[in-house]
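Subject: Model for you to look at

Hello,

Here is the model I said I would pass on. Please open it first; my notes follow below.

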Amino acid sequence: MDFMQLISIIIPLTLTSAAPIISSSIGGLFSERSGVVNIGLEGLMMIGAFTAATVTVLVEGPLGIVSPWIGILAGVIAGGIFSIIHAYVSINLRADQVISGTAINLLSAGLTIYLCEIIFNQQRTLAFLHGIKKDDIIGLSQIPVLGNLFFSNVHITSYLVILIVILVWYVVYKTPFGLRLRAVGEHPGAADSMGINVYRMRYIGVILSGMFAGLGGGIMVLTQDIQYTYATIHGTGFIALAALIFGKWHPFGVLGAGLFFGLSQALGIVAYQIDFLSSLPQEFFWAFPYVLTIIALVVFSGKSVGPRAAGKPYEKGER
Amino acid sequence: MIKYITDEKNQRFIVPLISVLFGFIAGAIIMIITGINPIDGYSALLDGVFGNTRKFGEWIVSSIPLILTGLALAFGFRTGLFNIGAEGQFIVGAFAAVAAGIFVELPKIIHLPLVLLAAALAGAIWGFIPGILKAKFRVHEVVVTIMLNYTALHFINYLIKILPGSTNTRTVDVFPSASLSSEFLSSITRFSRLHWGFIVALLAAFLYWYIIERTTFGYELRSVGFNQHASEYAGMKVNRNIVYSMMISGAFAGLAGAMISIGTFDYARVIGASEGYGFNGIAVALLGNNNGFGIVISGLLFGALKAGSSAMALAKVPKEISEIIMAFIVLFAAMNYGIKRLLIHLRKEEK
């Protein structure tokens, strides 16, 4: 296979694999920037994916090709609602945020399959007819060479996510809301004394994380799968967490890390067609993002890169 | 009654009990919403655990690995470490036991301890990585162990496939001398899969209690868990203790893996997603109050939920309900601050 042909396979595959990682990682960014660690991203993705697949199956009869978009919207809403549990437990009840996040993961894994049994009488949703199809992006796909590589036969959701990243960067760094969010995650006491409602900001952060993780889950199931099963998300929420750390809690860092990890997964899929990679087992590519993140953590160590107050419950009046 | 429940002295075990109660109530609410009679569900669960000796045997089988991962998590908690990587240490332990059981054949009396040692050692090595990274570079163990869980999953899946004789889904059986399974135990429990692992779990719980409560080392670990800086000031080697604690925690989790691979199955399986024993260990440890005896009891409780789930499935209750109840118990256990506040509130009303 010649080089250009290979590139033209790898780029769309990378974009498809990266979209759910980036979206969920942006979710994690909102939560952690507000001071709440969210290792429940994996579970929230499951909720989003399950809801998106189920709604798509249920409405595609009458609605046809718009149904996956309604499914994704439902996944976003479900993720947001479900994350309120994590918000309440870790913000109001000051529970250990890692334990609460783990509980979210366990609960989502059980609940989604339980509901599949109730709704579809099997351990998975029915297969949907209308996933999100690959398409040419109007206008941009006409650009010579680049249009063919980047904008032809791709999932439009990948570009939607990239647009979201730009928007999130603007919101987090250029608006008063973003400043408050970051203040609450760095030094909640100081933010409180300036009249910022710490609890409210943290609730917004966690619920946004649920919505973006739900979006990631919805995109994932509708672009990479034919139905929701227990293995649909298979650790992508944790890769998103890795991308957040690797991207140093910055939207563009997250974008870069997400694309990089997406490339790793894409290479895992096509490696057998590439001479110098075909000797590597597929598992190598699956494990790669995790190993890389551990190395990155060691390299970054000693410098404070994460939000300072992340993981610590805030109690009014405490110094 | 209320006075007893709200008495501060009894909170040590009242709070976990309330978490369990709330967990089952939450499970009942889910069943009601989805049109299932919770009484049917829970009576099927009880029948699935106590119905006959075979079911009893399967209950113990389900509890064994949970007790061990519970000990793993608790050991970390006592030192102020959150070993969320028990899942990964479990996977490497399960594989190491099988590898040691395939490559050599020895008299059972030597072979069995050897494979268990291999599992514990593999878990300890997998626990050493986050331990040393925390001690040397101050990298938080939660993130490192999460990453190591998936590294272990993929790495071990690869190793399983390249072992001699392996198919794409499993290895060959280990030599009988390396297996924990027992025809005797199976025959007295109407052919359940009950194996000698229950002795391993009980010995491990005893060892846990002994290390934590009866040795200077255990005292130092608890001291580091309470206040790292004070311990350092008192001349304890905090960094060394962090590494040792992660390794011992990993050893317990590695043993738990062996309980599945050479106890329940006699071979190692390629798995698509982690099976949650390590994560459930969090629930077991929290509920057992990080106490050796308490962990055995809470391990048996969660084992009952796991074992009873197939009986529930027969009664047309999706078996995932047991996972849901477990998750709620973890959630409520995490909320113990809220539960304590509720108890204080109740106490005030009483007065």
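Where does α6(B) bend, and which proline follows within four residues? The bend is at Phe128(B) and comes to about 25 degrees, with Pro130(B) as the proline. The bend at a residue is taken as the angle between axes fitted to the seven residues ending there and the seven starting there. Helices here are DSSP runs (H or I, at least four residues), numbered from the N terminus.

Before the rest, two notes on conventions. This is a predicted model, in which local features need pLDDT of at least 70, side-chain atom pairs count only at pLDDT 80 or more, and totals for chains, interfaces and linings use all residues. Residues are numbered from 1 along each chain as its sequence is written, and chains are lettered from A and ligands numbered from 1 in the order in which they are written.

To finish with α6(B): its end C-alpha atoms are 43 Å apart, which agrees with the 44 Å that its 30 residues should span at 1.5 Å a residue (the expected span is 1.5 Å times one less than the number of residues). Arg138(B) follows the helix and has a positive phi, near 60 degrees.

The chain contact. Chain A contributes 39 residues and chain B 37, where contact requires C-beta atoms, placed from the backbone, within 7 Å. On the side of chain B that touches chain A, two or more residues come from each of α6 (108-137), α7 (141-162), α13 (277-287), α15 (321-334) and α16 (336-350) of chain B. α7(B) gives the most, with 11 residues.

Helix α6 of chain A. This helix covers residues 156-174 and reaches 27 Å between its first and last C-alpha, close to the expected 27 Å. Thr157(A), Ser158(A), Val161(A), Val165(A), Val168(A) and Val172(A) are buried in α6(A) (20 or more other C-beta atoms within 10 Å of the residue's own; exposed means 12 or fewer; C-beta atoms are placed from the backbone). They lie on the same side of α6(A) because they cover an arc of only 100 degrees around the axis. The face turned away from the buried side of α6(A) carries exposed Leu163(A), Ile166(A), Leu167(A), Tyr170(A) and Lys174(A). The cover over the buried residues of α6(A) includes α1 (3-33), α7 (176-186), α9 (198-224) and α11 (251-270) of chain A.

Ile64(B). This residue sits in α4 (residues 53-78) of chain B and counts as buried, with 28 C-beta neighbours inside 10 Å. Leaving aside residues up to four places away in sequence, Ile64(B) touches Gly197(B), Phe198(B), Ala201(B), Met259(B) and Gly263(B).

Regards

Terms used
Two residues are in contact if their C-beta atoms, placed from the backbone, lie within 7 Å. The arc is that of the directions from the helix axis to the C-beta atoms.
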